[in-house]
Amino acid sequence: DNCLFFPAFRNQGDVQIYFHHSLKGLAFEQVTDESLIVNNQTWALAGRDPSIVWFNGKWHMAVTWYALNDFDTVIYTSDDLMAWDFHKITLGSSLLGSSTTPAPGATHACDQIWGPALFVVNDTLYMGLTLPFGNDAVDTNGTTIPDFRQYLSTCTNADNLTFSTPVLVTQTGNSQCQIDGSFYEVNGKWHMLTKNDYSKDIQDWVSTGTDFFGPYTLNNTILKGTTYQTEGPKLVVMNGDVTPKYRVYSDSYTEGCYRVTTSNDFVTWGTSPTEVMTDRSLRHGDVINAGSLPAKAQASVAAFLAWGANVDVLKRQQITASNTAFIPQDGVNYWISGSDRFDFTITELSCQEFKITIASLSPVCRFRMMPSAYFDGMYNGTPLILDGAFHGNQVITFKRFGNKFICDTNPSLEQSS
C-alpha cells in the first residue's frame with residue numbers, strides 16, 4: 001500500500017540526483033550510488049530541489065536550474081527512472097528570467113528561479129515556483145534575505161512541455177518572504193505548504209477560492225522555526241490504516257538531516273519532529289507515495305528498485321592536491337599513493353560515510369585530516385595523520401556520528417610516539 005520514493009541531491013559539492021525508498025517513512029535506503037544517465041548529454045542526472053510526478057505515461061522531474069537568456073528551468077522525463085531526457089523550459093512565450101524585468105506583480109528583477117514544484121490535476125501538469133518579489137529584508141536571525149513569493153504556471157502542451165507565464169499566488173495578509181511552495185488537495189480543499197523565510201516557520205495555507213490558484217489564507221503552522229529551521233516541505237499521505245496518516249518531510253539544513261512532522265487529522269501537528277534515518281546524506285528533495293500512483297508507475301518503481309539492488313558501486317577518486325574545503329561524498333573511496341603528502345579540512349556534514357585509502361607503503365606518503373567543526377582530530381586537537389608506514393594499503397572508514405565525523409583507525413607511529 002505504501003512505498004515512499006525520495007529523489008534528492010546530497011550536498012553543496014554533489015548535486016547529482018539520487019533516489020531513496022522506504023516502506024514506513026522513518027528510515028530511507030538509497031537505491032544505488034550509480035550515476036543515472038541523461039540521454040545525449042555528457043553529464044549525469046543532476047539539479048537541486050527535484051520535484052517528481054507521473055504524468056502523460058512517464059516520469060517528469062523538475063529541478064532548480066536556470067540560465068538567464070537561455071532557459072528558465074529544467075524538466076527531465078523518463079520511462080524507467082534509469083535513463084532520462086533533458087528539456088530546457090521557457091515559462092511563457094518568452095524567457096521569464098531577467099536581470100532587469102520582474103515577474104508579474106513583482107518589483108524585483110526575476111533574476112532567480114527556485115524550487116519548481118510539479119503537480120497534476122485532471123490530466124494537466126502544473127508547476128509551482130519561487131520567484132523574486134520585492135526588496136531585501138532582515139529575517140528573525142538578523143540576516144538580510146531576498147524577498148520571494150509563490151507563483152503558478154500551467155503546462156500548455158504536454159508533448160512539447162510548453163508552459164504559461166507564471167501568475168502570482170495571492171496569500172492574504174502576508175507581507176513576508178515565502179519560498180518552496182508545494183500544492184496538495186486534502187479533504188476536498190487545496191493547501192499550499194511553504195517556508196516563511198522571515199520566521200523560518202513551515203506553514204500551511206488553504207485556498208479560499210474554487211481551486212488551487214487561490215487566494216490563500218494562513219491555515220496552520222506545521223513546524224515553528226524556533227524549534228527547527230527547515231525548508232522544502234513535502235506532504236505524504238499514507239494509505240490504509242497506517243498512522244500517522246499525514247507526514248510533512250523537510251530539510252533541516254542547519255543540522256544536515258531530514259525531519260518529519262506528523263498528524264493524524266491534518267489539524268494538530270506534533271511539536272517534536274522526528275529525524276529521518278538515511279544511509280546517505282540528503283538535501284532538499286521530494287517525497288511521494290508511489291503506492292498511490294497508477295499500476296504502470298508502481299511497476300516502474302519496482303523494476304528500478306530491483307535494478308538498484310543488483311548494482312554494486314564503489315566510486316574511487318584519487319587525491320592530487322591538498323583541500324582546505326573538503327566536502328566528502330557518500331560511497332567514495334579517496335586514495336593517495338607514491339610519496340603524496342596532502343592536508344584536508346572537512347567543511348560540511350555532506351555524507352554518512354566515506355573512505356580513505358593509503359595506496360603506498362612509503363613512510364613519506366601521508367594524509368592529514370585537519371581538526372575542524374566537523375572533525376575533532378586527535379585527543380589533543382592535532383590533525384589525524386595516516387601514512388604509508390602505518391596505514392599502507394589500508395582502507396580507513398570515516399562515519400558521521402551526530403554532527404561530527406569519526407574514523408575506525410589508530411594514528412600513525414608519528415603521532416603515537
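**Chat about the model**

Modeller: Let's start with Gln203, which is found in strand S18 (residues 202-207). Helices (H or I, at least four residues) and strands (E, at least two) are DSSP runs, numbered from the N terminus. This is a predicted model, where local features need pLDDT of at least 70, side-chain atom pairs count only at pLDDT 80 or more, and totals for chains, interfaces and linings use all residues. Residues are numbered from 1 along each chain as its sequence is written, and side-chain values use heavy atoms, with hydrogens and water left out.

Biologist: Thanks! Is Gln203 buried or exposed?
Modeller: Gln203 is buried, at a relative accessible area of 6%. Buried means under 20%, exposed over 50%, and partly exposed in between (1.4 Å probe, protein chains only).

Biologist: Which side chains make a polar contact with the side chain of Gln203?
Modeller: The Gln178 side chain does, at 3.2 Å, and the side chain of Trp205 does at 3.1 Å. A polar contact is a pair of N or O atoms within 3.5 Å; within protein, one must be able to donate a hydrogen and the other to accept it, and residues adjacent in sequence count only if both atoms are side-chain atoms.

Biologist: How does S17 pair with S18?
Modeller: S17 and S18 are antiparallel, with five bridges; strands pair if DSSP finds at least two bridges between them. Met192 stands opposite Trp205 in S18. The hairpin of S17 and S18 has five residues between the strands, and Lys200 there takes a positive phi near 70°.

Biologist: And what about the other neighbour, S16?
Modeller: Strand S16 (residues 178-186) runs antiparallel to S17, joined by seven bridges. Ser182 stands opposite Leu193 in S17. These two strands form a hairpin with two residues between them, and Asn187 in the turn has a positive phi of about 55°.

Biologist: How many residues of strand S17 are buried?
Modeller: Seven of the eight residues in S17 (residues 189-196) are buried.

Biologist: Which lining residues are closest to its centre?
Modeller: Of the 13 lining residues, they are Gly115, Asp180, Ser182, Lys234 and His284.

Key: On a 1 Å grid over the protein atoms alone, a cavity is a set of points where a 1.4 Å probe fits but cannot get out, and a pocket is an open set with protein on both sides within 12 Å along at least five of seven lines; lining residues have an atom within 4 Å of a point.
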